[in-house]
Amino acid sequence: MDRNADVIYFSSLKSNGERMILAATEKGLCWAGGFNETEEDMKTWLLKQNPNQSFERNEEKLQYYKRAFENYFSGEKKMLDVPLDLKGTAFQLAVWEALQHIPYGETRTYSEIAEAIGNPKSIRAVGTAIGRNPVLIAVPCHRVIQKNGTLGGFRAGLALKKSLLQLEGA
């Protein structure tokens, strides 16, 4: 057994004076918090998935992910092409996969995501799954808006959602 299998490495990233927590396993990014979320929020969230996980602050293991986010925030890159280690239900994973197909600078509605996963009546469940996305921006849930064009919800706050959509020109 890989002794690192249950270790989650984490670090923080600063962007425009704000701090964001990033965490990854050996397989990929498993947490990208909003600027309003703390290390404790990250640990609480991830321990719900597996109470046997341990956490280790490790700048070196997170450097690749930090650079990817910095390039995104600077506008240098339009995609966060990083490996992900997502844990969720089959429904959540399907929703998160659909979100990854929304192009940079575009938005989709909750109902369009429900249709994309072949379950057009699951709009509320889609919203719930989006709210449980552990890797903000990498799985671009900020690109989902309400049918009437309003922003809808965002775990990290509507101000960040709005600024991300502005950064992308959406």
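Trainee: Which residues does Thr109 touch, not counting residues up to four places away in sequence?

Mentor: Thr109 touches Val144, Ile145, Gln146 and Lys147. Keep in mind that this is a predicted model.

Trainee: Where is Thr109 placed, and why is it called buried?

Mentor: Thr109 is in strand β5, residues 108-109. Its relative accessibility is 12%, and buried means under 20%. Thr109 therefore counts as buried.

Trainee: How do you know whether Gln53 is buried or exposed?

Mentor: The same cut-off applies: buried is under 20% and exposed is over 50%. Gln53 has 14% relative accessibility, so Gln53 counts as buried. Gln53 is found in the loop between α1 (39-49) and β4 (54-57).

Trainee: What is Gln53 in contact with, leaving aside its neighbours within four places in sequence?

Mentor: Gln53 is in contact with Asp6, Ile8, Leu46 and Leu47. Contact means heavy atoms within 4.5 Å. For Asp6 there is also a C-alpha to C-alpha value: Gln53 and Asp6 are 4.7 Å apart in space, though 47 residues apart in sequence.

Trainee: What makes the pair of Phe69 and Phe73 tilted?

Mentor: Ring centres must lie within 6.5 Å for a pair, and planes under 30 degrees apart count as stacked, over 60 as edge-to-face and the rest as tilted. Phe69 and Phe73 are 6.3 Å centre to centre, with 45° between the planes. The pair is therefore neither stacked nor edge-to-face, but tilted.

Trainee: Where do Phe69 and Phe73 lie?

Mentor: Both lie in helix α2, residues 59-73. They are 4 residues apart, about one turn of the helix.

Trainee: Why is the pair of Tyr72 and Tyr104 called edge-to-face?

Mentor: The angle between the planes is 80°, and over 60 counts as edge-to-face. The centres are 6.4 Å apart, and a pair needs them within 6.5 Å.

Trainee: What does the pair of Tyr72 and Tyr104 tie together?

Mentor: Tyr72 lies in helix α2 and Tyr104 in the loop between α3 and β5, so the pair ties together parts 32 residues apart in sequence. Tyr72 has a relative accessible area of 1%, so it is buried. The structure holds 6 aromatic pairs, and Phe35, Phe69, Tyr72, Phe73 and Tyr104 form one aromatic cluster.

Trainee: How do you know that the buried residues of α5 line one face of the helix?

Mentor: The buried residues of α5 (123-131) are Val126, Ala129 and Ile130. Seen down the axis of α5, they fall within an arc of 100°, so they line one face. In general, an α-helix has 3.6 residues a turn, so residues three or four places apart point the same way. What covers the buried residues of α5 includes α3 (90-99), α4 (110-116) and β6.

Trainee: What puts the buried residues of α3 on the same side?

Mentor: In α3, Gln92, Val95, Trp96, Ala98 and Leu99 are buried. They cover an arc of only 160° around the axis, which puts them on the same side of α3. Their cover includes α4, α5 and β6.

Trainee: Why is Asn133 called buried?

Mentor: Asn133 has a relative accessible area of 0%, so it is buried. Asn133 is in the loop between α5 and β6. Leaving aside its neighbours within four places in sequence, Asn133 is in contact with Trp45, Trp96, Val139, Cys141 and Arg155.

Trainee: What is the phi of Ile137, and where is Ile137 placed?

Mentor: Phi of Ile137 is near 75°, a positive value in a residue other than glycine. Ile137 is in the loop between α5 and β6 (144-145). At 5% relative accessibility, Ile137 counts as buried.

Trainee: How many residues line the largest pocket, and how do they divide?

Mentor: The largest pocket holds about 240 Å³ of space. Of its 15 lining residues, Met79, Leu80, Gln100, Ala138 and Pro140 are the closest to its centre. The lining divides into 11 nonpolar, 1 polar and 3 charged residues.

Trainee: Which helix gives the most to the lining of the second largest pocket?

Mentor: Helix α6, residues 158-167, gives the most, with 5 residues. The lining residues include Phe35 and Phe73. About 210 Å³ of space lies in the second largest pocket, and its lining has 7 nonpolar, 4 polar and 1 charged residues.

Conventions:
Residues numbered from 1 in each chain as written. Predicted model: local features only at pLDDT ≥ 70, side-chain atom pairs only at ≥ 80, totals over all residues. Heavy atoms only, no water. 1 Å grid on protein atoms, 1.4 Å probe; cavity = no way out; pocket = protein on both sides within 12 Å on 5 of 7 lines; lining within 4 Å. Points joined across faces, edges and corners; volume = space filled by probe spheres on them. Nonpolar A, V, L, I, M, F, W, Y, C, P; charged D, E, K, R; others polar. Helix = DSSP H or I, 4+ residues; strand = E, 2+ residues; numbered from the N terminus. Buried < 20%, exposed > 50% of the residue type's maximum accessible area, 1.4 Å probe, protein only. Arc of directions from axis to C-beta.
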